[in-house]
Amino acid sequence: MVVKVINKGVLNVTLTICIIGILLATTLVPVVDTHNINTDSMSKISNTTPISSNGNTLYVGGNGPDNYTRIQDAIDNASDGDTVYVYDGIYFGNIVINVSIELIGENKNTTIIDENTDIEDPQLVEANIYIFADSVNISGFTIQNCYGCGIFLASSHVTITNNIFLNNTHGIHFYIPNLHVTITNNSIANNMNGIYCVSCTNNTISRNIIKNNSWGIRITQESNNNGIFHNTIISNSEYGIMIGWKSMDNTIRQNNLLNNGKQAYFRLLSYHNTWEKNYWDKPRMLPYPIIGSLGLSIPNWVNFDWHPAIEPFEW
């Protein structure tokens, strides 16, 4: 529900008193020590992802006589439905995926896709991995140190799961056109934007740990009907969640938002978003207000999480 604050008359005074009352009431509830939450336990998944039985499997690294040494070479020789399996090691980015494959790392902690230092100017590399084909699955990697994006995604029906994104400008950046992308069970830390969605529709962001970025999740430019569920969004310096520029009908449900610069914010004609049963840094007995703006210098819209959680979630 969106409430417009009109700066005149009794209505303005009444609504202002109501909002101040809610804010004061929430401070009277005992505080839970959320900083001791074990975020590692919130995303317990295997380090090794099973290989699909569909298509052929091409191997990168390891000791096989026909194994590839470069991930790109294996992808270039793959067909739709194949699997590219990558053994532990450090590999260079600037990888382009233009075929429908599964790209699987042996172990997300030790199978690393790093900045491509062979390129004269690393700032010209926009991503460690580009995905231009539909129906791509990526799992089991650390993707790090890219001046641009860990993954740049411009396709649909993609799953990104069980990866670590570190020290990129954007951990995951997905852009027109995106439909039915699933980002789940990843650790996303120390990026400028953890997840950056531009003009994206009908996607799911769930069960990720998103911490120590500038912006945790940033959705903008008519990104509609997306679901943000069961994430732990913690210690992001600017915003935990930012929704901007005509992004509507998104659902933000049952997330932990802890110790962010601002837990959440919406702006620039972003209406009709649903905030439901999220944990807002401490127990809340009354509806939690999310202050937004239409782009003016003062806040003039408010969303509410009408049923905030009274304890943090553990999955």
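A polar contact here is a pair of N or O atoms within 3.5 Å, where one must be able to donate a hydrogen and the other to accept it. With that in hand, welcome to a few close-up views of this predicted model.

**View 1. Asn-278 and its polar contacts.** Asn-278 sits in the loop that connects β27 (274-276) with β28 (279-280). Its side chain has a polar atom 2.9 Å from the backbone nitrogen of Asn-255. The backbone nitrogen of Gln-254 is also reached by the side chain of Asn-278, at 3.2 Å. Is Asn-278 buried or exposed? Its relative accessible area is 0%, so Asn-278 is buried. Look around Asn-278 and, leaving out residues up to four places away in sequence, you will find that it touches Ile-252, Arg-253, Gln-254, Asn-255, Leu-257, Asp-305, Pro-308, Ala-309 and Phe-313.

**View 2. A salt bridge between Glu-276 and Arg-253.** Stay with Arg-253, one of the residues that Asn-278 touches. Arg-253 forms a salt bridge with Glu-276, and their closest N and O atoms are 2.8 Å apart. Because Glu-276 belongs to strand β27 and Arg-253 to strand β24 (residues 251-253), the pair ties together parts that are 23 residues apart in sequence. Glu-276 is partly exposed, at 24% relative accessibility. Arg-253 is partly exposed as well, with a relative accessible area of 31%.

**View 3. A salt bridge between Asp-73 and Arg-70.** How many salt bridges does the model have? The count comes to two, and this view shows the pair made by the side chains of Asp-73 and Arg-70, at 2.6 Å from N to O. Asp-73 has a relative accessibility of 26% and so counts as partly exposed. For Arg-70 the relative accessible area is 45%, which makes Arg-70 partly exposed too.

View 4. Why do neighbours in a strand fall on opposite faces? In a regular strand the side chains alternate between the two faces of the sheet. Strand β2 runs parallel to strand β3 (residues 83-86), and four bridges join them. To find your place along the pair, look for Tyr-59, which stands opposite Tyr-85 in β3. Together with helix α2 (residues 71-76), the strands β2 and β3 make a right-handed β-α-β unit.

View 5. Leu-58 counts as buried because its relative accessibility is 10%, and the cut-off for buried is under 20%. Apart from residues up to four places away in sequence, Leu-58 touches Tyr-68, Ala-74, Asn-77, Ala-78, Asp-82, Thr-83, Val-84 and Tyr-85. From C-alpha to C-alpha, Leu-58 and Ile-71 are 9.6 Å apart in space, and in sequence they are 13 residues apart.

**View 6. The largest nonpolar core.** The largest nonpolar core holds 52 residues, and Ile-97, Ile-129 and Ile-241 have the most contacts inside it. Helix α2 gives this core its largest share, three residues. Which residues are in contact with Ile-129, leaving aside its neighbours within four places in sequence? They are Ile-95, Ile-97, Leu-103, Ile-113, Ile-138, Ile-143, Gly-150, Ile-151 and Phe-152.

Notes. Residues are numbered from 1 along each chain as its sequence is written. This is a predicted model: local features need pLDDT of at least 70, side-chain atom pairs count only at pLDDT 80 or more; totals for chains, interfaces and linings use all residues. Side-chain values use heavy atoms; hydrogens and water are left out. Helices (H or I, at least four residues) and strands (E, at least two) are DSSP runs, numbered from the N terminus. Buried means under 20% relative accessible area, exposed over 50%, partly exposed in between (1.4 Å probe, protein chains only). Contact means heavy atoms within 4.5 Å. Two strands pair if DSSP finds at least two bridges between them. A crossover is right-handed if, with the strands pointing away from the viewer, the path from the first strand over the helix to the second runs clockwise. A nonpolar core is a set of buried Ala, Val, Leu, Ile, Met, Phe, Trp, Tyr and Cys residues joined through side-chain atoms within 4.5 Å. A salt bridge is a side-chain nitrogen of Lys or Arg within 4 Å of a carboxyl oxygen of Asp or Glu.
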